Amino acid sequence: MDITKVQITLYDSGKTKGFASITFDDEFVVTGFKVLEGPSGLWVANPNSKQKEEYKDTAFPITQPFRQVIQTKVLEQYHAKQGTYEPQVEVVQERPTIDVSEDDLPF
């Protein structure tokens, strides 16, 4: 299952910084994700509803790796919408060049 679209609505009130909707495989949308600010920085809360006296997640990833994929994609889009996103750039070291003259070749 691929995340094909993430829509962010910015909202700055207390710990809540925004809301997200995620489209999976261009066929299924889940709304109600929240971008929250906690002691360790921003994180993504799953959609939930109040049942009796507590909140219960109504949609959630089953595995930790997929939870991380959702968090990464939502926060990337959140920062992009805020204008604070800087994509991770892979630094590639160039190979050193060696000057070789024709006199150095064995043939």
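Mentor: Please bear in mind that this is a predicted model.

Trainee: Which residue in strand 2 does Leu 10 stand opposite?

Mentor: Leu 10 faces Gly 18 of strand 2. Strand 1 and strand 2 (residues 16-24) run antiparallel.

Trainee: What makes strand 1 and strand 2 a pair?

Mentor: Eight bridges join strand 1 to strand 2. Pairing requires at least two bridges, so these strands qualify as paired.

Trainee: What is the order of the strands in the sheet?

Mentor: The order is 1-2-3-4 in an open sheet of four strands, with antiparallel pairing.

Trainee: Why do strand 1 and strand 4 count as standing at the edges?

Mentor: Strand 1 (3-13) and strand 4 (41-45) each have a single partner strand, so one side of each is left without a neighbour in the sheet. On average, neighbouring strands of this sheet are turned by 25° against each other, direction ignored.

Trainee: Why is Ile 8 called buried?

Mentor: Ile 8, which is found in strand 1, has a relative accessible area of 7%. Buried means under 20%, so Ile 8 is buried. Not counting residues up to four places away in sequence, Ile 8 touches several residues, including Phe 19, Ala 20, Val 74 and Tyr 78. The C-alpha atoms of Ile 8 and Ala 20 are separated by 4.6 Å, although these residues are 12 residues apart along the chain.

Trainee: How many aromatic pairs does a search of the whole structure find?

Mentor: The search finds two aromatic pairs. One of them is formed by the rings of Tyr 11 and Phe 19, with centres 5.3 Å apart and planes at 55°.

Trainee: Why is the pair of Tyr 11 and Phe 19 called tilted?

Mentor: Planes under 30 degrees apart count as stacked and over 60 as edge-to-face. The planes of Tyr 11 and Phe 19 stand at 55°, so the pair is tilted.

Trainee: What are the values for the pair of Phe 24 and Phe 66?

Mentor: Phe 24 and Phe 66 are 6.2 Å apart centre to centre, with 40° between the planes, and this pair is tilted. The pair links Phe 24 in strand 2 with Phe 66 in helix 1, 42 residues apart.

Trainee: Are Phe 24 and Phe 66 buried or partly exposed?

Mentor: Phe 24 has 7% relative accessibility and therefore counts as buried. Phe 66 has 22% relative accessibility and therefore counts as partly exposed.

Note on methods. Residues are numbered from 1 along each chain as its sequence is written. This is a predicted model: local features need pLDDT of at least 70, side-chain atom pairs count only at pLDDT 80 or more; totals for chains, interfaces and linings use all residues. Side-chain values use heavy atoms; hydrogens and water are left out. Helices (H or I, at least four residues) and strands (E, at least two) are DSSP runs, numbered from the N terminus. Axes are lines fitted to C-alpha atoms, for helices over the stretch in contact, and angles run from 0 to 180 degrees between N-to-C directions. Buried means under 20% relative accessible area, exposed over 50%, partly exposed in between (1.4 Å probe, protein chains only). Contact means heavy atoms within 4.5 Å. Rings of Phe, Tyr and Trp (its six-membered ring) pair if their centres lie within 6.5 Å; planes under 30 degrees apart count as stacked, over 60 as edge-to-face and the rest as tilted.
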